[in-house]
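Subject: Structure for your review

Dear colleague,

Please find the structure below, followed by notes on what was found in it.

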Amino acid sequence: EVFERSETDEYCKNVRWMEKQLLDNKIPYHKDGLSNIFVISKPSDFFLKKYHLASFEGKDGKINCSHIIVNPFHTEYEILELIKDLKNENLREPNL
């Protein structure tokens, strides 16, 4: 498990960095508390394949949500690339 081999604050650092980038770029998401999982509305199939994301049902019963899991090994550069691509997706609020 990466968590056990990581410094205590490594998860928090990347989670805070990801959250700041999403907010600064006005990309809608949902996250519970200190979680490292960010739920977004389902992006394009190209985006899903590029970033190996899973999709799941929202509260309307349709597959319209996806999630991004941020880990300590993700670099700021990788997160910024993901954010750049997410901006082009024009996402709405996730339907949770």
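In these notes, buried means under 20% relative accessible area, exposed over 50%, and partly exposed in between, computed with a 1.4 Å probe on protein chains only. This is a predicted model, in which local features need pLDDT of at least 70 and side-chain atom pairs count only at pLDDT 80 or more, while totals for chains, interfaces and linings use all residues. Residues are numbered from 1 along each chain as its sequence is written, and side-chain values use heavy atoms, with hydrogens and water left out.

Cys65 is buried, because its relative accessible area is 0%, whereas Cys12, at 34% relative accessibility, counts as partly exposed. A search of the whole structure for disulfides (pairs of cysteine sulfur atoms within 2.5 Å) finds zero.

Lys31 lies in the loop between α2 (8-24) and β1 (37-41), where helices (H or I, at least four residues) and strands (E, at least two) are DSSP runs numbered from the N terminus. At 15% relative accessibility, Lys31 counts as buried. With contact taken as heavy atoms within 4.5 Å, Lys31 touches Val15, Glu19, Ile37 and Phe38, not counting residues up to four places away in sequence.

The lining has 14 residues, of which Tyr51, Ile68, Ile69, His74 and Leu82 lie nearest the centre of the pocket.

Best regards

Terms used
On a 1 Å grid over the protein atoms alone, a cavity is a set of points where a 1.4 Å probe fits but cannot get out, and a pocket is an open set with protein on both sides within 12 Å along at least five of seven lines; lining residues have an atom within 4 Å of a point.
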